Amino acid sequence: MITCHLRYVLDPYKIAEFEEYARLWIPIVNRMGGTHHGYFLPSEGANNIAVALFSFPSLAAYEDYRTRMATDTECQAAFELDRRNRSIISYERSFMRPVLG
């Protein structure tokens, strides 16, 4: 299993717009073979940082998801929503693996 950790820098005046965008991705990732663990939005502390975590069975499965995103109608609609809203200033993507006991 591989878990993608996305760290977003947001426009702090557009948190509601980002939340709308985030809510679109949870069912998309799940439909496309991943397990979405949720988005985590600012509460206390920095008012412009959000995190998302989702897992795929393997890096190859994640790469397949990324390829299919290019032609998936729901994915493209989600991307277009943020192109209009411009809530995301930047993001970093990291991949992690679990340590199981």
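Because the model is predicted, local features need pLDDT of at least 70 and side-chain atom pairs count only at pLDDT 80 or more, whereas totals for chains, interfaces and linings use all residues. Residues are numbered from 1 along each chain as its sequence is written, and side-chain values use heavy atoms, with hydrogens and water left out.

The protein chain has three helices and four strands, where helices (H or I, at least four residues) and strands (E, at least two) are DSSP runs numbered from the N terminus. From the N terminus on, these elements follow the order β-α-β-β-α-α-β. The radius of gyration, which is taken over C-alpha atoms, is 14 Å for the protein chain, close to the 13 Å that the globule rule gives for 101 residues, so the chain is as compact as a globular protein of that length; the rule itself is 2.2 Å times the number of residues to the power 0.38. Along the principal axes, the C-alpha atoms fill a box of roughly 40 × 35 × 20 Å. Of the 101 residues, 36% count as buried, a term that means under 20% relative accessible area, while exposed means over 50% and partly exposed lies in between (1.4 Å probe, protein chains only). Among contacts (heavy atoms within 4.5 Å) between residues at least 6 apart in sequence, 70% join residues at least 24 apart.

Over residues 7-99 the chain is 44% helix and 29% strand, with the end C-alpha atoms 21 Å apart.

A nonpolar core is a set of buried Ala, Val, Leu, Ile, Met, Phe, Trp, Tyr and Cys residues joined through side-chain atoms within 4.5 Å. The largest such core has 25 residues, and those with the most contacts inside it are Y8, F18, W25, F54 and Y65. Strand 1 (2-10), helix 1 (15-31), strand 3 (49-56), helix 2 (59-69) and helix 3 each supply at least two residues of this core, and helix 1 gives the most, with seven residues.

In helix 2, the residues Y62, Y65 and M69 are buried. They cover an arc of only 55 degrees around the axis, which puts them on the same side of helix 2, the arc being that of the directions from the helix axis to the C-beta atoms. The buried residues of helix 2 pack against helix 1, strand 3, helix 3 and strand 4, whereas the face turned away from the buried side carries the exposed residues A60 and T67.

F54, which lies in strand 3, is buried, with a relative accessible area of 5%.

S87 is placed in the loop between helix 3 (73-85) and strand 4 (88-96), and at 0% relative accessibility S87 counts as buried. The side chain of S87 makes a polar contact with the side chain of D82 (2.7 Å); a polar contact is a pair of N or O atoms within 3.5 Å, of which, within protein, one must be able to donate a hydrogen and the other to accept it, and residues adjacent in sequence count only if both atoms are side-chain atoms. With neighbours within four places in sequence left aside, the contacts of F18 include Y8, L10 and S87.
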